[in-house]
Amino acid sequence: MRYFNFGRIVQKYSRPFVCKIKETGYYDDLGEWYAPPPKRYETEGAVMSISSSKLYHSDGAYAAKDKSLYMLSPIDSALLNAEIIFNNNVYRVESDTGCDEAEYTGVYSYVLKWVSVFEGDF
């Protein structure tokens, strides 16, 4: 049973962004550390600012640069440790806030914590 299908709204405001997944490294036969290059792929979702009421009532859990991410499909569990690059900013997926209600709303929501401004090639 769906209460309201937010899928059309999310689809309307979805924009492409880049996910960078860091692979775990290992020691080779010579005992030297090898860190494979991160995997990179593009996907899309609606990245929006956190509402001011939620920002001020969070007891410091959210900063002004943090964002909310809404997607039509769930994020792969490997992405929960990923970096997301959107509008030249780097974010980390902090938590899945509305995934339990996805059955009713039609969308998956996540909190993105701001890490830094992205400069250079990716």
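The model is predicted. Its largest nonpolar core holds twelve residues, and the count of salt bridges comes to five. A nonpolar patch on the surface includes Tyr13, and the loop between S6 and S7 holds Asn88, a residue with a positive phi.

**Nonpolar core**

- The largest nonpolar core is made up of Phe17, Cys19, Val47, Leu69, Met71, Ile75, Ile84, Phe86, Tyr91, Val93, Tyr110 and Leu112.
- Two or more residues of this core come from each of strand S1 (15-21), strand S5 (67-71), S6, S7 and strand S8 (108-117).
- Leaving aside neighbours within four places in sequence, Val47 is in contact with Phe17, Lys67, Ser68, Leu69, Phe86 and Leu112.

**Salt bridges**

- Asp66 and Lys113 meet through their side chains in a salt bridge, with 2.9 Å from N to O. Asp66 lies in the loop between helix H2 (52-56) and S5, and Lys113 lies in strand S8, so this pair ties together parts that are 47 residues apart in sequence.
- Both partners are on the inside by the cut-off for buried, which is under 20% relative accessible area: Asp66 is buried at 2% relative accessibility, and Lys113 is buried at 17%.
- Glu23 forms a salt bridge with Lys39, and the closest N and O atoms are 3.6 Å apart. Because Glu23 lies in the loop between S1 and strand S2 (26-27) while Lys39 is in strand S4 (residues 39-49), the pair ties together parts 16 residues apart in sequence.
- Glu23 is partly exposed, with a relative accessible area of 32%.
- Arg92 and Glu94 form a salt bridge between their side chains, at 2.8 Å from N to O. Arg92 is partly exposed at 39% relative accessible area, and Glu94 is partly exposed at 40%.

**Surface patch**

- Phe4, Phe6, Ile9 and Tyr13 form a nonpolar patch on the surface, and together they have about 380 Å² of accessible area.
- Tyr13 is placed in helix H1 (residues 7-13) and is partly exposed, with a relative accessible area of 41%.

- Asn87 is not a glycine, yet has a positive phi of about 50°. Asn87 sits in the loop between strand S6 (83-86) and strand S7 (89-96) and counts as exposed at 58% relative accessibility.
- Asn88 lies in the loop between S6 and S7. Its phi is positive, near 60°, and Asn88 counts as exposed at 51% relative accessibility.

Terms used: Residues numbered from 1 in each chain as written. Predicted model: local features only at pLDDT ≥ 70, side-chain atom pairs only at ≥ 80, totals over all residues. Heavy atoms only, no water. Patch = residues over 30% accessible without salt bridge, like charges linked within 9 Å, V, L, I, M, F, W, Y side chains within 5 Å. Areas by Shrake-Rupley, 256 points an atom, 1.4 Å probe, with all protein chains shown as cover. Salt bridge = Lys/Arg side-chain N within 4 Å of Asp/Glu carboxyl O. Helix = DSSP H or I, 4+ residues; strand = E, 2+ residues; numbered from the N terminus. Buried < 20%, exposed > 50% of the residue type's maximum accessible area, 1.4 Å probe, protein only. Core = buried A, V, L, I, M, F, W, Y, C linked by side-chain atoms within 4.5 Å. Contact = heavy atoms within 4.5 Å.
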